[in-house]
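Hi everyone, thanks for coming. Let me put the structure up, and then we can walk through it together.

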Amino acid sequence: MANLTRDFFIALSNNELLNKSAKKWGYRLGAEQFVAGTDIDSVIKTVKRLNDKGISCTVDNLGEFVTEKSESTAAKEKIISVIERIHEEQVSCHISVKLTQLGLDIDESFCLDNMREIVGTANKYDIFINIDTEDYHHYAPTIRVLDELLQDFDNVGTVIQSYFYHAETDMDKYKDVRLRIVKGAYKESEEVAFQSKEEIDENFLKLAKKRLKCNTFTSIATHDHHIIQEIKQFAAEEGINKNNFEFQMLYGFRTEMQEQLANEGYLFCTYLPFGDDWYGYFMRRLAERPQNINLILKDKLYT
Ligand code: FAD
């Protein structure tokens, strides 16, 4: 049943027509709880509010199903404007990008050129750029773009999805690169990925622990309190420096726990999506946790 619900929401997230229509609807279905506004001013305001609580941020300009170069160029320019604002306002914040938004499906070298401009601008201001990982089909080209960028820049890194069998090999390959460890958000076949929650959780913990021992900065991105608890215990037992890792969660999820981790002295970073292309992102969150619908309904009924 849980898998069926997950598949249902993943299918909705992949529906191009609904993704495109939703941009015209404005935020619906409670999406505003998980998205920090449509423009740069609103997202910077939220970053400042979270910074005041000791929480840093990573900002994601939402965008799916990009098929025209003009859309990618517009996205690149918007992301560069966010980088400029982060620098001007001196807020504690970096950027997360998805390469499909920057033209990966249109032309890989065009996408690489866009990324060179983004990472180059951020490099001047010492701002980190994280390349989010998407589905398996996009994985190899994403890694090719990353490898090109790493030849010239050290302010770029990516995400290891622990449901993939190849996750450990890639994590080891990037032992000197800042990485985020996640479970993985897309529907993948058993040819390439673990399917059961137990196996995925086990691999997540194995990778996170291995990575914490190799002194390169790591983001542990999960809302799973069992995993967070085990990582905290492991870090304490192994004497891992608290400045070598951070916990990350998505904006709008487990807000109290986010603040509590920051108050306990852990580095904490909130992933802050913004923009009008909210639909696919939002459906993937419902796929991960259908109970989010209850949260939304409760909110709509009682506020
Ligand atoms: P789950 O496996 O969804 O949940 C485990 C348990 O935690 C649940 O059973 C429940 O007990 C508890 N729990 C979870 N959420 C809640 C909640 N809201 N309230 C109360 N209890 C809860 N995926 C990618 O494929 N590529 C990326 O680049 C990527 N980047 C990400 C960045 C961040 C900051 C985060 C947090 C996730 C990212 N993901 C990405 C998504 C990730 O792969 C998972 O799909 C997503 O995080 C769900 O898995 P989970 O580890 O959070 O916990």
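Which element gives the most to the shell around the ligand? That is β7, with three residues. Helices (H or I, at least four residues) and strands (E, at least two) here are DSSP runs, numbered from the N terminus.

Before going on: this is a predicted model, where local features need pLDDT of at least 70, side-chain atom pairs count only at pLDDT 80 or more, and totals for chains, interfaces and linings use all residues. Residues are numbered from 1 along each chain as its sequence is written.

Now the ligand. There are 21 residues around it, and Asp132, Val182, Ala185, Thr222 and His223 come nearest. The elements giving two or more residues to this shell are β4 (156-161) and β7 (245-250).

Ala185 sits in the loop between β5 (179-182) and α8 (197-212), while Lys197 is in helix α8. Are they buried (20 or more other C-beta atoms within 10 Å of the residue's own), exposed (12 or fewer) or partly exposed (in between)? Ala185 counts as buried because it has 20 C-beta neighbours inside 10 Å; Lys197 has 12, so it counts as exposed.

Last, helix α6: Thr142, Val145 and Leu149 are buried there.

Note on methods: Near = placed C-beta within 6 Å.
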